[in-house]
Amino acid sequence: MRGRPLLHVDYESEQSLFPTMAQKVILTIGALLALSIPVGVVPGLKFLASPGWLQILVIALIFMVGAAGLNIVTGMAGQVSLGHAFFMGVGAYTAAAVSGHPTEALWGLELPMWLGAIAGGLVAAILGIVIAPTAVRVRGLYLAIVTLGLVFIGQHVFRNWNQVSGIPELGREWGPFQLALWDIDGPALDLSTDGEWFGVFLPHEGKAFIFMLVVAGLFLLLSKNLARTRIGRAFAAIRDRDVAAEIMGVHEAKAKTQAFAISSFYAGVAGALYATFLGFLPPEQWNLFLSVQFIAIILIGGAGTTIGVVLGTLFVQLLPRLVENFTGFLEEQIVGETWLAPLADLIIKTGEGDFGILSLAAQGPGLSIFQANTILYGLLIAAFLIFEPLGLYGIWLRIRNYWKGWPFTY
Amino acid sequence: MTPFGALLAQASSLDTFLTKLIDGLALGSIYAILALGFVIIFKSTQVLSFAHGAIAAVGAYLVAYFVTIANWPGRYFEGLPHTLRFIISALVAVLAASVVGMLIERIFIRPMIGQPLFSIAMITIGIDIILRTFIDDLLGQGGNVDLGSPWGILSLSNVGGIIIPHVFLAAIVTVVIVVVALVLFFRTRIGVAMRATAFDQEAAMAQGISAGRIFALAWALGAVLAAIGGIFASISPRGFGVTGGTAFFALRAFPAIIIGGLDSIMGAVVGGFVIGVSEILIGHYLAGASGTLGLGFTGLIPYLLMLAFLLVRPYGLFGTEEIRRV
Amino acid sequence: MSLKKKLIVVGFVLALVATACGDSTDDTTTAAPATTAAPTTTAAPTTAAPTTTVAPPADDIMTDIGVTDDEIFVGLLADLSGPFSGLTVDIVDAQVAYWEDVVNAGGGIAGRTVVPVIEDTVYNVATHGEKYTKIVDQVVAFSNSTGSPHTASILSQLQEDNVLAIPLSWYSGWADPEFDQGITFELGTNYCLEGMNVMEWLVERFKADNDGALPSLAIATRAGDYGQDAAAGVKYAAQQLGLEIKYDGEGLIVRSNPAEYTAADATPVITGIVAAQPDIVWLTSAPSETAVIMGGALQGGLTTAQWTGSVPSYDFRLLDSALAEALTGLFWQPNYAVSWGTDVPGMAQVSEVLTARYPDRRPSDAFILGWTEARAMEQILRQAAANGDMTRQGVIDAANTIDTIVMDGAGPDFNYQGSPDDYVVRELYMYKPNVQAYLAAGGMDQKLEDGLGTTGSELVDGPFVMPLAENFNFTGACWTQEEGNRISG
């Protein structure tokens, strides 16, 4: 009976991050597989080694850091926040001011990226602490609307503080995505040019991917670890019943402030890395849709769990490209007149008068691929909440439970 | 740095003030109607609908469809003045929007009864995304469909120096009609049933009230109000036709329900007017200071007011304070 | 402890297995993306080929990325479902029609067919960069990159990859080698020169109608390289002509973008314009903003002023709105190329090709913009082929050396030779919206198959260059983010 996920024979095993052997093995294999992606040696994952896919994966890893942050405040502590985009923006612009290139109109200290990211996290955390008193006063849906207001106030500030964020709709440039200890001219780890690492040629997106894999892994582990600390348990107590938690001696205001601070730190770092990686963003980037995206990630993944953060981020970030590739594939079927062509023809609208849900011309009655993606996105949020409130994590649980009891139903 | 200087310089003109006040009341009417929709849905089903703006856009699009694209049922009443034909088409469109509201309730909300409130609120975000995308697709390339409003940009009266566009009067009259109709409705049998369900769902069901029907009715009513708000949000001068931005208008009504209290009908109306009037007046008198306050600061006023109110009264002016039990 | 050791061993074994599996497969390339049709390198091209006047045989042309023995890949990073999709979809469709029905149907370029590679950027900077990375290894050049911030955001990558791009944006910086390092090739007059040109034209007209009296001016623009570049030109003209600027709303129009959940309130701008009671109002905005501001000002009591603005401020679909009458009476609409239905030699071909391909579509001015983009790119590619060098560098060299890019009257002819002052385009067309003519032709129900049709714009003058713009010494961007307005007196 050793190694059952729910069977704990001592306190230590219940408290360990990865209690079973199977989890450790899966984690190791997963990490190795992930590391091999930019090299493109594993047969099924070879297609991911192109710069286009690697770029998407890097962004997904950055989003994982942000999603882990939202998971702390919403998943663990139960405080609904629609203001995640605001904290990401704060982090991004702190990073811009710290590591960006200064001009007559823009601030920038040209310090290394890691300083910018950490400063971004810290400033966001401080703002999280400033916001917290309001968050402590209001609860539930009121809190959701307050944090929504935060996004709009943030947008206003970003659009108007031109020394930091550049001109509205144009934006500014961030510092280089480089890992340098101090000197910006000589990076310790060159992430922005293609080149060889340990004898393997990697595009710069591949290097960034490996770097972000380490960073995201670290942040995810820390957030998973947080759940078993005193602070994390206080969060869970607040989430499950705040009055009861207070009676047990949990300081509600303090715990909520901590949750906002830690979550904002994650958001700030994620925002800083995101902006630095993309290199050039307008101030409008930090909008409500970004917040909604993060909420969708943790809901689809499964709120409150770290594996949910990973699964949810991958799902939400990779879905648009997969849908796009799928429609591309269907189009090829029609053009090539393969046996799949009649089926593909049902889905794709190829010309005027042709029936089809998707229109490749992006206009007229059919939906464009982008619109189809957006609708799919909305449907998925609703469907997961209705049918599987635990998200992808819940699906994983069901599969596991099925095999645990196999061949019996339970 | 002359915001107050600018304020004093312009406040001397009483006519300007009154003109702007009416402007603000008209804007407040739109916020109030949208806020009423939020509150009715929230009060009876405990759902905070983020899809409200999208439903408003759907309503406005339906009006545009019935008036300018299909000319239905206006084509059967060629003799009537344009204003009347517009109102008839608008009523048809608003009824159609109520069907959309009921469908949303039946498909997405009904299965979620008993689930955490935030989960349901998130579902409405999903619905919002879906509806807005459909509207974007329907709007097509121009991204803008005109409603054929009878109150054009030059249709206004000058009453002793006070400029009153007729569309402002229409908005204000509409909100009065809506509020009176709601008050009367809540006194009817079904209205009482609705209030009873909102007050205590189980007790109401024990009395033989079908909670499911009440939920559907609440969503239909909410959709009607959203659609009316959407119409005024997309005709001159607030907008020129249905656009993707029409859906956004309802997000600016959120502060109104927070100020008034999430579950107060009275609060929604008062909150709407507070937001509308302050947005217009502050926007007008501080227009000279936009260099200091930043571009587009008027759009921020509702949210800043909301935060200020929340710090003083966490449950709004008229909202019920939540009783917390272990 | 022993468990950890076991784990490490298992990990190494798995890694070895994984590596072994990888080695056993035949394909070992990692750098080249899977989707790229491997470009054949007939020569290692880094230096510019000698210029030849006669096209060499197709086989002797040097190529690197994006050109194969029988295909040329041209990229389009276009906003197909974002806020400017109304404009961009028509542009892209016109380009596709041009490449396939004109260029490829006529035998292609140097015996190769041109394949447009289209990506939807949703008018989002992040997506723009993502899509750029996705297709950059497939294409030889970009014949469309929608949006100023979007193109600016990929500028350093364009330079790094050394690939030419035609921006769908008329910022004066694109003509400034200091700003774009000679990598972007813009079409049409830029916002700044346009501002000078239009102002002087309108002032002349106003003076003729009002016994030589000078008009007063109100300006309201967006912030950034669109609005403030235009404002720089307008203010220069105002200063040179001695006009009084009664309201200066440079950078005060805030964009509403539902996709980004930003909504703006134009009230301060409207109030400012109405209070100033100017004779001429200049707007640099989006069409929907033009409608709101103009409508609001009319409602506020400003009924006499004439209105004009940067080309993208107006869209013929505004004639479907409640503002149509006011636009017909009060608005002057400049244009970089001709509008749909204008009687020029090139129009017949545009109309014929597009009608054959899209019979159900309504006429659109944006078709012409897309047509001219593709036409410019075609001529650049033909020049490159004639030079015997269709590498990316070869295409850039060809663009810089081509004598004239001919537009058959659909737009001004131009080239990119010499200094910015030599090659910057200064010609404009002036149109006037006419809702009666538009409705008489069928309004929004017009279809291409029913005949030429009209977008309701009637040509008043053009192509014209007024003295101010003609004599303006263009040395660089009129406005930059760092220095602001660089030409104000």
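How many of the 16 residues of helix 4 of chain A are buried? I looked this up first, and the count is 16 of the 16, so helix 4 is largely enclosed by the rest of the structure. (Buried means that 20 or more other C-beta atoms, placed from the backbone, lie within 10 Å of a residue's own; 12 or fewer means exposed, and in between is partly exposed.)

A note on what I am reading: this is a predicted model, where local features need pLDDT of at least 70, side-chain atom pairs count only at pLDDT 80 or more, and totals for chains, interfaces and linings use all residues. Residues are numbered from 1 along each chain as its sequence is written, while chains are lettered from A and ligands numbered from 1 in the order in which they are written.

(The expected span is 1.5 Å times one less than the number of residues; helices are DSSP runs of H or I, at least four residues, and strands are runs of E, at least two, numbered from the N terminus.)

**Val123(A).** I found this residue in helix 5 (residues 113-137) of chain A. Val123(A) counts as buried because it has 22 C-beta neighbours inside 10 Å. Its C-alpha atom is 7.2 Å from that of Thr94(A), 29 residues apart along the chain.

**Confidence.** I read a mean pLDDT (the predictor's confidence in each residue, from 0 to 100) of 86 for chain A. Helix 4 of chain A is highest at 96, and strand 6 (residues 358-359) lowest at a mean of 66.
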